[in-house]
Amino acid sequence: QRQMCIRDSLGGGSAKDIGSLPTGVKDLISPHQGKDMRSPEHTQQNILDFRWRRHVHWLTFLAFLTVQVGWAGAVVAANKGTDFYVYYLAAAALKREWNIYALSFSVWQSLAAQMGVPHYSFPYLYPPPIALIVRPLTSLPPRYAFALWSGVNVLLILASALLLSRLFAQQWISPLVFIALAGYVPALVTVYAGQVNFLVFLSVIVYFYALRREKPVCAGLALAAGILIKPLSLPLAFHALWRTRYRVFLSVLVGLIVFALLTLPGVGPEPYMAYGRLSLQLSGLTQSGGPGTYPPNQGLGGFFGRLLTHHEYGGSLADRPALAKALTLATSLILVLATVALCWPGRVSGDLFLIEASLVIVTTHLIAPISWLHHMTVAFVALIAAWQAASSRWERVLVLLSYILIDLQGLLWHRLVGYTLLLSLGTYGLLILWGVLAWQTIRFRRERIARSLIGGSLF
């Protein structure tokens, strides 16, 4: 069917037309040209190839599971999970019916001592549903609660890898996805800090997978669940609206309302209003050493903040926070307008929708006032999409460079303190990925052949 679709798109698939295609597409149409498909030798070779691939897939799965369980075990043994313990304390405060956004540091400190939490940060800056999710774990001692939470994170990243493989490779285990995700530092940092990013990551993957299966309501509800936990994927809802996927957009709105109402008995209305006010106050540029200059902040605000604001992590060109904010806003506006222009006009489907959505994801990471490195777990979808959509070696080289730069940022930023321009490697990686996806969006619009990432239309 894949070969027939491509031949039909060529108007019958003449030899002349096929000869003018790229090598990869020619091989796709006629991979066994000149071979006797019915010969016993060929049948036996197919059986051996299938068995070899199955063994490779199972070895990849076991290696991935070993890495994730081993890493989670090491993190629990070292008793890390600073962010998880913030959730844990907020959940304990919620259990006492306190407003988790109005607690003083002394109350927070007293609660930590009472609960036996070893280390934590202050204040609680996350959406209320996270505290509600963690609330059942407060019946356990902190160390055991963190161990259970780490186990849940392992299950979530495993489910994400399986579904992402299914989305792109039409098989449950893709060595590319499993190997790349096993070494993806933002995902490892998510486990290290005890973050909730895998819930958002999985919701985005389910969103794309449901669209592929033509289930817009399920796609919208999955996206709404992720947005309520962390609003990292909110722009995808507006992209669906822009692409006239009205059922998807309405499902997101309904899902947000229903899920928020379901959490109200356990949270109350005041924390939601307090979080809304807090979100408006969160600026990417504050005093020296604030979130605008802290190296894990890899958005444009972090880049210009470190470049034009005095901070403790390296030198700066000047101490001009106002200029840094202006440049951040101007650059963000340019990126948003460019993304809108690239997604213009009309309704699209197939792989172009996924490439555009990936472009929106990367743009969101770049323009967010606070864009921590572990948030880039969601950008892994965009990395795989760009890799699969690549039609030339240089595209894949750039995607690989983007992946490496993001990883190096997570691994080496402590050693790069003092070298300001090297504290934004993740930002450079995102900008490279944005450029690749932008080019692929243009190219997909120009091409009129049925070129697919997975052997058929994604949606």
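**Notebook: cysteines, a helix and a pocket**

I began with Cys218, which is partly exposed at a relative accessible area of 43%. I kept in mind that this is a predicted model. Next I looked up Cys343, and that residue counts as buried because its relative accessibility is 3%, under the 20% cut-off. How many disulfides does the count come to? I got zero.

Then I turned to helix H20, residues 393-412. I wanted to check its length: 20 residues at 1.5 Å a residue should span 28 Å.

Which residues of H20 are buried? I noted Glu395, Val399, Ser402, Tyr403, Leu405, Ile406, Asp407, Gln409 and Gly410. A reminder to myself: an α-helix has 3.6 residues a turn, so residues three or four places apart point the same way. I also looked up what covers the buried residues of H20, and the cover includes helices H9 (175-182), H10 (185-193), H19 (380-389) and H21 (425-446).

My last stop was the largest pocket, with a volume of about 1,700 Å³. It is lined by 48 residues, and the closest to its centre are Tyr126, Ile370, Trp372, His374 and His375. Which helix gives the largest share of the lining? H10 does, with five residues. H20 turned up again here: it is one of the helices that each supply at least two lining residues, as are H5 (82-95) and H18 (351-367). I sorted the lining by type too, and wrote down 31 nonpolar, 14 polar and three charged residues.

Terms used:
Residues are numbered from 1 along each chain as its sequence is written. This is a predicted model: local features need pLDDT of at least 70, side-chain atom pairs count only at pLDDT 80 or more; totals for chains, interfaces and linings use all residues. Side-chain values use heavy atoms; hydrogens and water are left out. Helices (H or I, at least four residues) and strands (E, at least two) are DSSP runs, numbered from the N terminus. The expected span of a helix is 1.5 Å times one less than its number of residues. Buried means under 20% relative accessible area, exposed over 50%, partly exposed in between (1.4 Å probe, protein chains only). Contact means heavy atoms within 4.5 Å. A disulfide is a pair of cysteine sulfur atoms within 2.5 Å. On a 1 Å grid over the protein atoms alone, a cavity is a set of points where a 1.4 Å probe fits but cannot get out, and a pocket is an open set with protein on both sides within 12 Å along at least five of seven lines; lining residues have an atom within 4 Å of a point. Grid points are joined across faces, edges and corners, and a volume is the space filled by probe spheres set on the points. Ala, Val, Leu, Ile, Met, Phe, Trp, Tyr, Cys and Pro count as nonpolar, Asp, Glu, Lys and Arg as charged, and the others, Gly among them, as polar.
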